[in-house]
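Let's take a walk through this model, one piece at a time. Have the viewer open and follow along.

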Amino acid sequence: MKNQKNHVLRVMHINDTHSYFDESVIALHSDVGEKYYIKCGGFARISHQVSVLTEEAKAKGGNTVFFHAGDCFQGTLYFSLYKGKANADLLNQLPLDGMVLGNHEFDLGNELVSDFIANTHFPILMGNWDLSQEDQTKGHQLKQQERILDFNPTLGIANYLIKKVGNLDVAVFGLTIDQMDVLASPDPDTPFMNAIKTAQNTVDYLAVQGITNVIIVSHLGYEGDKQLAKVVNGIDLIIGGHSHVLQGDFSNIGLEARDNYGELVNDTHIVQAGCHALALGYCDLEYTEEGELLSFNGRNILLLDNMTYKDKACTQKMDEPHLSKILALINTFDLAEVCEKDLKIETLLIEKYRGEVDRLSQKVIGHCMEDLSHRRIPDDKGQSDIAPWVVESFYSKAHQLDNRVQFAMHNAGGVRSGLNQGDITYSDIAGKVLPFAIPIVIYSIKGRHLKAAIEGAIDNATDNGIIGSGSGSFPYVSQMRYCYEASKPSGQRITEFSIYHQDIGWAPILDEQVYFGTSTAYTIKGKEGYAPLLNKEYECVTTTFSMADCFIDYLSHYPNLAKPTACLNQYHKNKRVIV
């Protein structure tokens with residue numbers, strides 16, 4: 001046993017980067033509670049740190065692999081402007097051994113996914129994505145793209161790749177959310193198979209082939225990864241995404257403490273590295289010649305700049321001796337590194353993308369007369385100040401496209417932040433308030449189904465008689481008003497339901513009357529209480545305008561925003577919502 005040579009595989013990983021190619025500014029605290037701001041992360045720092053860790057591992061005779069656990073789309077102006085092209089370009093600069101696709105890659109359907117994959121250079125690990133019945137008449141074929149390791153319907157397993165660790169074969173495959181059609185907009189001809197069943201079948205198949213070391217790159221979410229590890233034996237490591245969990249105790253610098261890095265469930269280590277390219281995770285797996293996993297060691301590392309600031313805008317540098325004291329604290333903190341940038345990635349960003357992003361970030365398109373906050377469910381402090389304007393912009397744009405459109409409806413969770421008093425920039429809308437590039441759609445529906453959708457959405461948001469999925473489903477509307485009475489029986493909670501007509505004013509919404517409206521491509525799928533919207537009268541039309549496009553266009557006509565004067569949404573927990 002003493003002469004036995006062990007083998008080490010260093011696994012590096014990121015997840016949920018959401019187009020955060022540039023560094024971000026985060027707030028930290030010193031050991032005496034002093035708050036400061038520091039630039040953190042970005043692809044240039046990730047690339048540099050990967051090279052450092054790779055050289056370190058190779059110097060010790062170890063092998064390395066690097067994976068992305070999904071959700072690279074959406075999030076910043078880089079996606080709003082370039083719709084995945086910049087994502088492919090920047091990810092190609094990283095030495096990735098593979099990536100699983102997350103739900104946000106499918107927000108705009110398969111065509112964008114296909115273009116993205118065609119422009120990347122690394123394996124796409126999608127072991128429970130069945131492409132076998134893909135419509136061959138479509139212009140964006142996925143089945144023919146050889147780098148996709150998809151579901152094998154003949155064997156019922158995930159296609160996988162093999163990584164050599166000494167004389168060992170380590171199998172790697174990917175799993176993503178199997179309820180993808182609930183969260184996103186994949187094409188119906190490419191379904192997602194049950195993740196746990198696929199994993200079990202694949203692990204069993206690999207064992208028959210004599211391969212007993214398995215790594216799964218997962219976009220199932222943290223709790224989903226735990227469930228997978230609990231049910232399926234024989235997985236060495238799950239590299240996770242979707243839940244934005246930064247494992248480790250970062251409380252010494254003012255961030256939260258979460259589960260230990262490499263949380264162990266049923267002899268399977270689970271890792272996840274936060275989000276927005278702020279951190280890089282890595283772990284060393286030490287194997288015996290026979291494939292026994294002897295040890296696991298690793299951590300998440302926040303990738304920090306070497307300058308700190310007094311303000312979030314980073315205009316006031318921290319002076320000495322405060323700077324030296326803070327940097328000394330960082331240098332002694334095991335989960336953070338002062339990190340250089342990869343010049344190649346910085347140059348690519350500057351030469352191809354950052355100029356237009358910076359220009360639009362500074363482009364003023366409107367003005368907030370006062371702070372506009374966002375609260376999903378109206379409370380004693382009032383309604384959301386920003387959501388009514390957002391939904392009004394949807395109505396305005398949809399009515400321009402089709403003058404039959406009579407109303408707009410949007411779920412509160414689709415609005416991500418409020419606005420501060422002062423100038424409104426393009427990036428405030430497309431990068432903060434409405435960062436997800438999801439289009440609006442135009443549809444027609446009978447009044448009774450519309451009423452049921454509003455009731456279902458509020459029931460879901462307020463857990464009224466059901467276990468809801470969260471407050472994000474609460475509906476904000478334009479050109480409609482209603483009263484929701486929580487204490488009434490299910491199916492009878494919407495009263496005083498009316499719609500505005502330009503010629504006659506407010507009129508009751510009739511159960512059997514067909515009305516034309518607009519919502520997002522997310523809401524129209526009937527998720528989170530909106531299932532009655534599936535009873536559309538005619539085929540809905542998906543427009544080419546995203547949520548942000550609508551709001552930006554609205555501000556070009558009505559640039560000055562104040563708090564809505566009309567009481568568009570009021571929620572009283574005990575009794576009623578009046579709109």
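Which order do the strands of the open six-stranded sheet have, and what is the pairing? The order is 10-11-12-13-15-14, with mixed pairing. Before going further, some ground rules: this is a predicted model, where local features need pLDDT of at least 70, side-chain atom pairs count only at pLDDT 80 or more, and totals for chains, interfaces and linings use all residues. Residues are numbered from 1 along each chain as its sequence is written, and side-chain values use heavy atoms, with hydrogens and water left out.

A word on terms. Helices (H or I, at least four residues) and strands (E, at least two) are DSSP runs numbered from the N terminus, and two strands pair if DSSP finds at least two bridges between them.

If you want a pair to click on, Ile216 has Ile238 of strand 13 as its bridge partner. Helix 6 (residues 195–208) packs on this sheet, touching strand 11 (168–176) and strand 12, and its direction makes about 165° with that of strand 11; contact here means heavy atoms within 4.5 Å.

Now follow the chain out of strand 13. His242 lies in the loop between strand 13 and strand 14, and its phi is near 90°, a positive value in a residue other than glycine. Asp71 also has a positive phi, near 65°, and lies in the loop between strand 4 (63–68) and helix 2 (77–82). Are these two residues buried or exposed? Asp71 counts as buried, at 2% relative accessibility, while His242 is partly exposed at 27% (buried is under 20% relative accessible area, exposed over 50%, partly exposed in between, with a 1.4 Å probe and protein chains only).

There's a backbone feature of another kind to look at as well. A cis peptide bond, with omega about 5°, joins Glu320 and Pro321. Pro321 is in the loop between strand 17 (293–309) and helix 8 (322–332). Why point these spots out? Because most residues other than glycine have a negative phi, and most peptide bonds are trans.

Next, another open sheet: three strands in the order 21-19-29, with mixed pairing. Strand 19 (residues 364–368) runs antiparallel to strand 21, and four bridges join them; Val364 has Thr425 as its bridge partner.

Finally, look at helix 10 (residues 387–401) and helix 13 (residues 547–557), whose axes come within 8 Å and cross at roughly 90°. That makes the two helices roughly perpendicular (65 to 115 degrees; under 35 counts as roughly parallel, over 145 as roughly antiparallel, and the rest as oblique). The contact includes Trp389 and Phe394 of helix 10, and Phe551 and Tyr554 of helix 13.

Note on methods. Axes fitted to C-alpha atoms, helices over the stretch in contact; angles between N-to-C directions.
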